[in-house]
Amino acid sequence: MKKTVKSLLKLLGRSKAALALSIALAAASVGLSLYVPILFGNAIDEIVETGIKFDVVFGFLSRAGIIAAVTALLQWAMGMINNRITYDAVRNVRRLAFEKIEVLPLKYIDSHAYGDLLSRVISDVDQFADGLLMGFSQFFTGVCTIFVTLGFMLYINPRVALVAALLTPLSIFVARFVAKNTHSLFEKQSKIRGSQTALVDEMIGGEKTVMAYGYRARAEERFDKINRELETTTRKALFYSSLVNPTTRFVNSMVYAAVCLVGAFTVISGGMSVGGLSAILSYANQFTKPFNEISGVITELQNALVCAGRIFELIDEPAQPSDEAFGELPPIKGNVSLQNVYFSYTPERPLITDFNLDVREGRRVAIVGPTGCGKTTLINLLMRFYDVDSGVIAVEGKNIAEVKRRSLRSGYGMVLQDTWLRSGTVRDNITMGKPDATVEEIIAAAKATHAHSFIKRLPQGYDTEVGEDGGSLSAGQRQLLCITRVMLSAPPMLILDEATSNIDTKTEIRVQRAFEKLMSGKTSFIVAHRLSTVMSADIILVMRDGNVVEQGNHSELMAKGGFYAELYNSQFRR
Amino acid sequence: MKDLREVREIKNILKYFKGYTLEAFTAPFFKILEACFELLVPFVVAAIIDNGIPSGDKGYIAKMCGVLVLLGAVGLASTLAAQYFAAKGAVGFCTNLRRAVFEHIGDLSFSELDTLGQSSLITRITSDINTVQSGLNMMLRLMMRSPIIVFGAMIMAFTIDFKAALVFAAAIPILTVIVVGITLRCIPLYDGVQRRLEGVLLSTKENLTGARVIRAFCKEDEETARFAEKNGLLCKAQKQVGRISAAMNPLTFVTVNLAIIILIWQGALRVEGGALTQGLVIALYNYMSQILVELVKLANLIISVPKTVACLKRTVEVLDTESSMADGDYTGRNISSEYAVEFISCSLKYRSASAESLENISLALKPGESLGVIGPTGCGKTSLVSLLPRFYDATSGEVRVFGRNVKDYSLERLRGLFGFVQQKSRLFHGTVRENMLFGAPEASDEDIIEALKAAQAWEFVEKLDGGLDHVIEQGQSNLSGGQAQRLSIARALVRKPKILVFDDSSSALDYQTDAKLRAALSALSFKPTVVTVSQRVSTVMHCDKIIVLEDGKTEGIGSHGELMQTCPEYREIYDSQIRSAEGGAA
């Protein structure tokens with residue numbers, strides 16, 4: 001909590017002057033807007049049946065007019081300033097959060113649900129802005145209003161003022177009492193809502209399955225049941241929570257009556273003018289309002305602080321170790337070595353233990369093994385998405401932990417199992433690794449990977465928008481684009497993670513040929529299910545349960561009759 | 001024309017108040033009642049000032065203050081009633097609406113579902129309707145109150161003094177123009193803010209899902225710049241809306257105070273003429289103050305109106321989407337025929353596509369026979385099998401199942417004939433058993449185990465914690481791809497369907513398991529007709545018939561032996577997968 005507030009102040013630090021100005025404007029506009037009723041009261045006092053001094057009335061009214069205009073101006077200025085403070089803060093927080101996402105260790109991203117991180121950047125920031133900054137300004141003007149009205153009331157008549165001041169806080173207790181009892185209802189409501197969303201998510205997401213298996217009627221039954229539960233709970237929660245306002249208003253009307261009673265008696269006894277009573281009644285009304293709002297504002301502020309806490313937790317997350325101080329790799333020829341490498345995702349479950357491998361330039365390394373054996377772990381280490389626990393991975397004899405990440409990663413061309421395209425055109429995606437590529441180069445690369453023929457048939461060819469996550473393309477087409485992307489940037493080393501698993505075999509042959517061309521003379525690491533695609537490799541790493549269990553070329557491993565031979569033989573057994 | 005449509009739309013929406021009509025009227029009614037009681041307050045105060053104070057009648061004053069408390073109490077009672085009915089009405093409306101949308105989604109065909117998009121449908125049925133609910137509740141409760149107070153105050157003013165009340169008649173239209181004008185101006189801008197927020201959301205999401213690729217291409221700086229641009233645009237749009245709405249409070253404040261000034265001046269003139277008393281001037285002044293207070297409240301509430309309307313529109317859009325697929329009426333049991341499956345010159349063009357995905361496919365399959373579908377990615381394999389259970393309708397030609405046009409069957413009957421295993425296996429949160437019963441609620445544990453065994457899934461299910469009672473998490477996150485695939489195959493087998501369709505559904509299995517699965521399938525007791533889509537020759541080569549597709553066109557139909565002779569495309573696939581592997585082994 002304290003840490004959140006500190007981070008918050010740091011964030012707002014840049015707009016300190018604006019913030020101070022906003023507070024000053026709030027105080028001034030509250031003060032002035034409350035001074036207006038006094039002038040009106042004075043004017044009304046002059047309106048007696050026994051002769052009206054119109055010049056005095058005019059004097060009071062024109063002063064009221066000027067002050068009202070100035071107040072409106074101040075209010076407007078305050079609104080504009082708050083507007084700027086709020087949205088600048090929102091923008092800055094989002095930018096900080098995004099910048100952090102770009103430098104977070106992948107371990108953090110892998111171990112957190114995207115939905116959770118997304119909601120921090122989007123909805124938490126919104127709630128924080130609404131709640132905290134709006135809440136703050138409401139809270140502040142509320143407090144100002146209370147003190148200024150109290151001051152004015154005391155100035156007009158202390159006795160009547162005390163009646164209002166002592167009775168009003170009653171409404172806070174009433175509000176507290178109601179709020180406490182609705183909390184559990186809201187909790188129950190959000191729980192039911194959660195399970196309804198989960199059901200909708202599954203049933204709509206799996207619509208084909210639902211339809212194919214005639215599950216619809218049962219799905220509707222389940223939905224109905226939850227929907228009815230939700231109805232009952234929500235109705236109660238909404239009703240009970242809406243009690244706060246009327247009950248506090250009732251307390252207020254009692255306060256109003258009491259002020260009226262005491263005030264009228266005071267007027268009769270000559271302690272106050274009729275205009276004074278009119279003004280004090282108007283103040284009594286204004287005085288009670290912030291009390292009603294403040295309990296709501298406090299909940300909102302608390303909620304906002306929770307949201308802010310979630311954002312700052314992300315922003316304050318330690319970034320991956322800086323590589324500022326390190327140099328570049330020497331020109332990459334493709335010599336990679338791993339010495340005594342140990343690695344595990346969690347200390348309880350050791351994966352790679354004492355792994356050694358020496359890959360000289362131009363060699364082809366195939367990584368094979370059953371599903372879930374940890375083949376992608378090696379990629380994580382080679383690309384330095386994760387750091388080894390101990391041991392050294394070296395490229396051109398230089399420890400990759402001691403060079404700039406950019407220098408290492410730009411040496412690799414990578415095609416992952418989960419194809420990822422960003423929103424934008426086909427061209428944007430292909431040129432990711434080489435933004436300055438010419439049209440000829442792009443087409444040549446696409447032709448080499450046999451992507452050109454489908455791209456040119458797309459509605460706008462290379463300028464077709466691929467949509468969110470490549471939505472408008474088939475899995476195979478997405479994969480071909482990812483391969484083209486690497487083909488174009490032509491890096492000295494390659495990492496292919498089941499690169500061809502989404503492509504039909506016919507296209508695969510063509511892509512394979514293209515890759516042959518691409519891989520010639522380049523060090524490459526290939527992960528694949530299909531043993532036929534890796535048989536030509538110089539070194540085959542056989543993985544099982546996270547560790548490398550065998551190492552050698554195809555004939556050596558077959559002769560050994562171990563796990564690899566077993567895997568291979570199972571392929572064509574019928 | 002546009003108005004007419006809007007009226008019809010409103011009518012359509014109003015029908016979801018069914019069962020809650022009474023609440024929809026009583027809530028505002030009680031709110032109005034409460035407002036009326038509140039409007040009486042200044043009258044009572046005026047009476048105190050004009051009658052009680054000059055005569056010094058303390059008893060009268062006390063009595064009138066008692067009336068004030070009474071008004072408060074009656075006001076409280078009617079507000080509580082209003083709140084209760086508003087909550088009941090709003091929640092009931094949205095419960096009806098939610099249900100209607102959920103059911104309607106079930107009526108839509110995939111052509112419409114593809115257009116609307118799954119994730120968008122999910123937000124509409126959840127968060128959009130929730131927004132509508134709180135907006136509606138607020139409107140039922142509070143939106144009624146403000147106009148009543150404003151106009152009520154004006155009417156009260158007229159009963160006090162016609163000439164002085166003219167100030168109200170002038171001020172209220174001006175205030176209405178300010179509030180409504182600013183709101184209307186903000187609605188389209190608010191839309192823009194939402195769109196830009198979606199851009200920011202997309203950018204963030206992409207950078208999370210694509211973290212590896214972005215880092216591999218060293219694009220962090222560029223992505224940050226892209227984000228900063230989108231973020232900046234959002235900020236600009238938000239500030240623009242903020243600037244306009246910031247004018248609302250000051251403008252209303254200055255207008256109301258100006259009106260009060262004129263009112264007091266007028267009042268002074270009228271008092272001198274003997275038409276008014278000082279107390280009545282105060283009452284008029286109080287009515288004007290009440291208007292100001294209400295308007296400030298209204299301005300704070302009205303901000304959520306555009307949001308509610310936008311969300312309601314998005315929801316109604318789903319309801320307005322009509323299904324392009326008419327249900328057939330054949331539900332009979334007579335399904336004996338020479339052919340189990342027939343495609344008669346079928347073509348398919350997806351709604352958003354520029355070219356046909358299937359062109360003129362003709363094919364017939366006898367009951368108990370097996371069909372293999374093979375061809376490159378995007379050649380139309382999945383499209384072809386999607387026509388069978390009418391996920392999509394052929395744009396031309398005819399699909400027959402057991403001699404009857406698929407359009408003649410009721411969808412339920414038609415789909416009940418199939419066990420359809422999709423490319424992407426999708427299991428549901430619940431136990432293994434519940435998932436197995438998904439398409440066959442009546443199946444026994446023996447049936448389930450038999451199906452699991454055939455699908456090569458029993459060996460791992462048996463070992464799971466709780467076996468059949470093992471709970472599968474949402475998104476099958478606690479299963480591997482191969483396990484999920486085998487379970488979804490088993491789910492299809494439990495139904496003992498007449499026709500089994502495997503849409504590339506053994507891709508995550510290793511060759512050994514795939515071979516075992518094929519052996520088990522050919523030994524099934526209920527002898528289904530089997531359609532298998534695959535990219536692996538080894539998976540389809542034993543089928544009675546194989547169709548080779550390329551670019552949605554038939555390249556060849558026949559047995560493995562025939563195709564090896566007549567279809568060069570097929571031979572090429574075979575060579576690449578089998579021959580080269582065998583060659584390498586030698």
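Two strands pair if DSSP finds at least two bridges between them. Helices (H or I, at least four residues) and strands (E, at least two) are DSSP runs, numbered from the N terminus. With these terms, a walk through the structure can start.

This is a predicted model, in which local features need pLDDT of at least 70 and side-chain atom pairs count only at pLDDT 80 or more, while totals for chains, interfaces and linings use all residues. Residues are numbered from 1 along each chain as its sequence is written, and chains are lettered from A and ligands numbered from 1 in the order in which they are written.

Strands S4(B) and S5(B) form it, with 2 residues between them. In the turn, B:Phe402 has a positive phi of about 50 degrees. The two strands, S4(B) and S5 (residues 404-405), pair in the antiparallel sense over 2 bridges. There, B:Val401 has B:Arg404 of S5(B) as its bridge partner. B:Val401 also stands opposite B:Val341. That links S4 (residues 396-401) of chain B to strand S1 (residues 341-348) of chain B, antiparallel over 5 bridges.

Next comes a sheet in chain B. Angles here run from 0 to 180 degrees between N-to-C directions, and axes are lines fitted to C-alpha atoms, for helices over the stretch in contact. Strand S11 (residues 545-550) of chain B runs antiparallel to S12(B), joined by 5 bridges. One bridge pairs B:Leu549 with B:Thr554 in S12(B). Contact means that the C-beta atoms of two residues, placed from the backbone, lie within 7 Å.

Helix H7 (residues 162-209) of chain B has 48 residues. From first C-alpha to last, H7(B) reaches 69 Å, close to the 70 Å expected at 1.5 Å a residue (1.5 Å times one less than the number of residues). H7(B) bends by about 30 degrees at B:Ile187, and B:Pro188 follows within four residues. The bend is the angle between axes fitted to the seven residues ending at a residue and the seven starting there.

Chain A has an open sheet of 6 strands, ordered S6-S7-S8-S3-S9-S10 with mixed pairing. Its edge strands are S6 (412-415) and S10 (547-552) of chain A. Strand S3 (residues 364-368) and strand S9 (residues 539-544) of chain A pair in the parallel sense over 4 bridges. In S9(A), A:Ile540 is the bridge partner of A:Ala366. Helix H12 (residues 375-382) of chain A packs on the sheet and touches S3, S7, S8 and S9 of chain A.

Finally, the chains meet. In chain A, 123 residues are in contact with 126 residues of chain B. Helix H3 (residues 54-103) of chain A gives the largest share of chain A's side, 25 residues.
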